[in-house]
Amino acid sequence: MTNKFTKGIATTPSWQLKDNQVTPQAVFNQRRSIIKALGLGALGAGLSGGAQAGIFDLFGDKKPVMPFTTEPLTFNINPNFSSIEAKTPYKKVISHNNFYEFGTSKQDPVNNAQAFQVQPWQLVIDGLVDKPITLDFDDLYKLIALEERTYRLRCVEAWSMVIPWTGFSLASLLQKAGIKSNATHVAFETLYDPKQMPGQKSRRLGGGINYPYVEGLTIAEAMNELSFMSVGVYGQTLPPQNGAPIRLIVPWKYGFKSIKSIVRITLTDRQPPTSWNQLAPNEYGFYANVNPAVAHPRWSQASERRIGEGGLFSAKRIATKPFNGYGEQVASLYKDLNLTTHF
Amino acid sequence: MRFTTKHLPWLKALFHLIALAPIARLLFQVLTEAVGGEPVEYIIHYTGIGALNTLLLMLLLSPIAKRFKQGTLLQTRRLIGLYVYCYATLHIAAYVSLDLLFEWSLLFEEIIKRPYIIVGLCAYFILSLLAFTSFSALKRRMGKHWQKLHNSVYLAAILITVHFYWSVKSEIIEPSIYILLTLALLALRLPKRRAQTNRYK
């Protein structure tokens with residue numbers, strides 16, 4: 001990993017990653033052990049009496065595959081977006097995912113996404129822009145200098161992580177295309193490829209979402225300094241289960257807004273449809289700002305289970321903060337909005 | 001071949017093994033991290049589905065016993081029923097300890113506010129009553145009230161499938177299939193109910 005110091009500052013900050021969290025060898029070993037365990041798990045699948053997939057497990061044909069290969073990235077650490085909170089270990093970040101394109105359970109993405117092809121990749125930025133652009137796979141890492149930011153990730157299911165992402169601000173990307181003055185919203189779209197994404201092929205695996213997965217932000221939200229395009233995590237390129245090769249991170253919103261494996265970003269003059277809102281409009285709104293005061297109809301959002309280091313009982317329940325603790329940066333965006341009705 | 005009381009210990013041993021195997025598998029999966037680094041949701045779902053599967057298998061037992069004239073099978077129902085209770089207890093224990101992390105105030109708040117939790121808890125209350133009245137001595141003393149009370153297992157089955165259906169974030173196919181299975185198992189009994197109570201009172 002490359003660590004460049006901020007000009008004029010030569011200290012080792014407390015939030016700097018420990019070597020054992022990022023060395024490729026450790027990463028490699030961790031992933032090997034996961035895959036090995038998956039192989040063992042697959043042997044046991046036939047015995048299922050009541051597994052995650054329940055009655056469908058009998059028809060499962062999980063095969064262990066070679067883990068997806070990630071590459072180390074070169075980046076600067078952005079000291080404005082660091083965190084004193086303990087980070088969620090890499091191993092948990094890449095093995096506890098919601099990515100319904102690869103299945104609805106938390107371990108489905110790591111199990112089903114390892115053969116995912118990210119090359120070639122094309123990310124199109126079009127709509128109300130001065131100059132539509134298409135980024136190829138290599139451009140994702142070269143077009144804009146990469147930086148690392150550590151953000152809290154709060155899932156709508158009331159668990160959370162602290163994750164160092166590598167990437168660039170969404171604003172810097174949109175500025176490359178030039179935003180027309182009549183653009184009011186930004187629409188995002190995930191790759192649609194049922195051959196690679198089993199959840200898009202099977203309604204049961206994909207949780208009934210109408211694919212491709214789509215998300216959206218207002219222009220003001222998209223241009224906010226927090227909005228981030230991530231191409232890496234823990235200094236490595238993204239694994240598929242985390243949204244390879246490029247994903248959005250909007251840390252003051254519930255995790256489902258941070259759309260993964262993006263192929264299209266379209267500037268538009270109306271509020272775009274968003275997948276979870278389409279599926280259950282009474283449970284998931286367009287804004288989806290983290291808000292402890294507004295409960296999900298079926299569970300409380302007042303607190304969250306923080307996933308950190310250690311075993312099963314080591315997680316902590318902590319109070320959820322408005323805007324996931326990023327109120328200072330984003331609360332002003334919503335000063336004229338009733339956040340209870342616009343959840 | 002017809003099972004007799006002579007085979008009963010073997011049948012019971014087999015059912016113990018079948019009921020315990022998924023728990024062993026879960027332990028193995030969690031310890032080898034075969035189900036990800038954060039298997040909380042997996043454990044809660046696994047034990048919940050385990051309770052439901054065991055309950056449906058138990059409900060399948062008397063139609064099978066009747067169809068194939070294997071009355072001895074019915075004597076394993078208490079054993080299986082107690083495993084239903086065991087899985088349901090593990091399910092709730094996992095929710096309280098791993099998800100809520102023993103935050104009791106949050107638990108009480110959730111119980112009051114969330115209908116799917118209330119429904120699940122009602123089912124658990126019924127299962128508890130059935131488990132605590134499962135002793136032979138108590139069964140004799142309760143007389144005909146015992147059967148009446150234990151017929152509420154059908155209500156518990158319906159409540160559990162509704163709880164499952166209500167709890168999922170999307171993907172309603174699997175809970176829907178469970179509801180249909182449960183209704184089918186209950187429908188099997190409706191016309192023959194009188195004959196059954198006469199015979200096995």
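A word on conventions comes before the tour. Residues count from 1 along each chain as its sequence is written, chains are lettered from A and ligands numbered from 1 in the order in which they are written, and side-chain values use heavy atoms, with hydrogens and water left out. Because this is a predicted model, local features need pLDDT of at least 70 and side-chain atom pairs count only at pLDDT 80 or more, while totals for chains, interfaces and linings use all residues.

Let's begin with confidence. The model scores ipTM 0.81 and pTM 0.82.

Now turn to chain A. You will find eleven helices and 13 strands there; these are DSSP runs numbered from the N terminus, with helices being H or I of at least four residues and strands E of at least two. Of its 343 residues, 59% count as buried, where buried means under 20% relative accessible area, exposed over 50%, and partly exposed in between, using a 1.4 Å probe and protein chains only. Taking contact as heavy atoms within 4.5 Å, 74% of the contacts in chain A between residues at least 6 apart in sequence join residues at least 24 apart.

Next comes the meeting of the two chains. In all, 41 residues of chain B are in contact with 47 residues of chain A. The buried area, meaning the accessible area (1.4 Å probe) that two parts lose on being put together, summed over both, is about 3800 Å², and carbon and sulfur atoms give 57% of it. Arg25(B), Glu38(B) and Lys169(B) supply 21% of the area that chain B buries against chain A, more than any other three residues.

Seven salt bridges cross this interface, each being a side-chain nitrogen of Lys or Arg within 4 Å of a carboxyl oxygen of Asp or Glu. Have a look at Arg305(A), which forms a salt bridge with Glu38(B), with the closest N and O atoms 2.6 Å apart. On the side of chain B that touches chain A, α2(B) gives the most, with eight residues.

Back inside chain A, Lys106(A) deserves a visit. Lys106(A) sits in the loop between α3 (90-93) and α4 (108-112) of chain A and is buried, with a relative accessible area of 4%. Glu157(A) lies in the loop between β4 (147-154) and β5 (159-169) of chain A, so the pair ties together parts that are 51 residues apart in sequence. Glu157(A) is buried too, with a relative accessible area of 18%.

Other pairs are worth a stop. Asp269(A) forms a salt bridge with Arg270(A), at 3.2 Å between the closest N and O atoms; Asp269(A) is partly exposed at 41% relative accessible area, and Arg270(A) is exposed at 57%. In chain A, salt bridges that share partners join Glu85(A), Arg152(A), Arg154(A), Glu304(A) and Arg306(A) into one network. Over in chain B, the side chains of Arg114(B) and Glu110(B) meet in a salt bridge (3.0 Å, N to O), and both residues are buried. A search of the whole structure finds 20 salt bridges over all chains.
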